[in-house]
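Hi,

Here is the structure I promised to pass on. Have a look at it first, and my notes follow below.

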Amino acid sequence: MSPEIVGIAGLFLMLAAMLLLQIPVGFAMAVTGFIGVARLTSADAALTLIGNDLWMTFSSYDLTIIPLFIFMGHICFHSNVNQRLYSCAYTWLGATRGGLAVATIAACAGFAAISGSNTATAATMTSVALPSMRRYGYHPTLITGSIAAGSTLGVVIPPSIVLVVYGIYTGQSIAKLFFGSIIPGLIMGLLLTFTVIIICRRHPAWGPLGEKTTFREKLISLKGSFEMLLLFSLVMGGLFAGYFTPSEAGAIGSGFALLLSLARRSLTLTKFSAAINETLKISSFIVIIIAGAVIFGRFLALTRLPYAIAEWAAALPISPTLILWLVLLVFIIGGAIMDALGLLMITIPIFYPLALKLGFDPIWFGVIITIVTTMGAITPPVGVSAYVVAGMAEDIALSTILKGVSYFLPSYIITIIILEIFPQLVLWAAASVH
């Protein structure tokens with residue numbers, strides 16, 4: 001049996017382990033990868049190779065960025081930054097038709113910029129925005145759709161944990177990935193907002209007018225967003241100027257978020273303990289996925305399957321753009337049936353060499369596939385963000401939530417098309433990083 005056939009068999013074995021046996025993606029990759037390496041070499045050689053690979057990966061200082069940024073997001077969450085952001089957005093936008101839904105998306109974008117997690121954003125904004133929109137008579141489809149779709153901005157707008165893992169795994173600059181994703185994140189946020197406007201034009205009763213506020217009230221409400229802007233500017237500004245590395249940015253951001261919460265006296269000992277516990281849980285989950293991806297990546301490298309696929313695809317008599325869309329279709333389908341981070345860890349060893357072979361910039365490719373896999377967070381049957389909203393809005397049927405998010409799915413496709421036509425929207429910002 002050729003190494004390539006062994007690689008294909010390993011892929012099917014891993015997918016079967018995840019989908020049929022419900023084995024977590026990190027463990028499925030680790031077990032399949034070890035069996036595959038042992039099959040191609042020997043058990044002793046597999047232990048040696050995998051042990052060296054794991055040591056090289058987890059002795060890297062860059063991995064410290066993961067728990068640091070997660071901790072920063074959870075400190076902000078437990079300090080009620082989300083409520084102040086939503087209050088500010090509501091004051092400015094709530095008086096227009098559908099304004100509360102637009103305010104929700106704006107607040108999601110703001111909270112995403114400091115949390116980097118779509119599930120955290122979904123849970124946070126559901127608890128804050130759902131009661132307000134219900135009070136003003138918003139339709140459940142628009143309520144849940146705007147919250148679930150807005151929460152996905154957490155994976156695109158930096159600091160994004162998915163982009164961090166992509167950067168570590170591929171060796172690309174995390175700072176360049178962060179800055180390259182800012183404009184795409186803003187474009188996607190604007191398109192989601194435009195979707196709300198279209199929905200409210202077709203169904204005016206879905207987004208009733210809210211209370212009007214004075215200009216003075218609007219100015220006063222800006223204090224609610226000051227902390228977020230200050231924190232985001234500190235982290236991203238320091239990265240842009242080259243004053244500190246991504247890991248140092250995570251440490252400084254976490255420390256500053258902690259100081260802000262203490263200054264406001266909004267962080268109790270119980271909330272601080274909860275932030276630490278949640279950080280440890282999420283960080284451990286990501287570390288297991290990375291470990292599994294390292295083992296599975298070694299297996300695929302030995303089979304040379306990724307390089308064979310890249311050479312085969314590059315020789316096809318079709319344009320690289322068409323090949324790219326076929327790859328993106330795989331990500332869209334895969335994102336609908338499994339977690340975005342797990343999907344990236346499985347597919348990067350296969351499609352990253354292909355992207356380089358076809359001449360696509362690795363920073364641009366990383367931002368593009370992040371956006372595509374983000375669609376999976378609101379797409380059935382997994383749709384993690386949709387299920388988070390469903391769990392917190394127990395009296396709203398899941399079918400209503402999925403109907404709501406379906407209105408927003410074209411925004412992702414349009415964003416990808418724009419970035420494909422104008423790749424400099426990603427590359428210009430990334431190239432400006434020192």
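The largest cavity holds about 90 Å³ of space. A cavity here is a set of points, on a 1 Å grid over the protein atoms alone, where a 1.4 Å probe fits but cannot get out, and lining residues have an atom within 4 Å of a point. Grid points are joined across faces, edges and corners, and the volume is the space filled by probe spheres set on the points. Of the 14 residues lining the largest cavity, Cys76, Val81, Glu227, Ala257 and Leu260 are the closest to its centre. Two or more lining residues come from each of α4 (65–78), α5 (81–93), α14 (223–241) and α15 (246–264), with α15 giving the most, four. Helices are DSSP runs (H or I, at least four residues), numbered from the N terminus.

Please keep in mind that this is a predicted model: local features need pLDDT of at least 70, side-chain atom pairs count only at pLDDT 80 or more, and totals for chains, interfaces and linings use all residues. Residues are numbered from 1 along each chain as its sequence is written, and side-chain values use heavy atoms, leaving out hydrogens and water.

What lines the second largest cavity? Its lining is made of Leu324, Val327, Phe351, Leu354, Ala355, Leu358, Phe360 and Phe365, around about 40 Å³ of space. Helix α19 (340–357) gives the most to this lining, with three residues.

Now for the salt bridges (a side-chain nitrogen of Lys or Arg within 4 Å of a carboxyl oxygen of Asp or Glu). The whole structure has two. In one, Asp53 pairs with Arg298, their closest N and O atoms being 2.7 Å apart. Asp53 is in helix α3 (residues 43–58) and Arg298 in helix α16 (residues 269–303), so the pair ties together parts 245 residues apart in sequence. Asp53 counts as buried at 19% relative accessibility, while Arg298 is partly exposed at 25%. The cut-offs are under 20% relative accessible area for buried, over 50% for exposed and in between for partly exposed (1.4 Å probe, protein chains only).

The other bridge joins Arg134 and Asp395 (2.4 Å, N to O). Arg134 sits in helix α7 (residues 118–135) and Asp395 in the loop between α21 (384–392) and α22 (398–406), 261 residues apart. Arg134 is partly exposed at 36%, and Asp395 is exposed at 60%.

Finally, a look at helix α8 (residues 140–151). Of its 12 residues, 11 are buried, so α8 is largely enclosed by the rest of the structure.

Best wishes

Definitions and conventions
Expected span 1.5 Å × (residues − 1). 1 Å grid on protein atoms, 1.4 Å probe; cavity = no way out; pocket = protein on both sides within 12 Å on 5 of 7 lines; lining within 4 Å.
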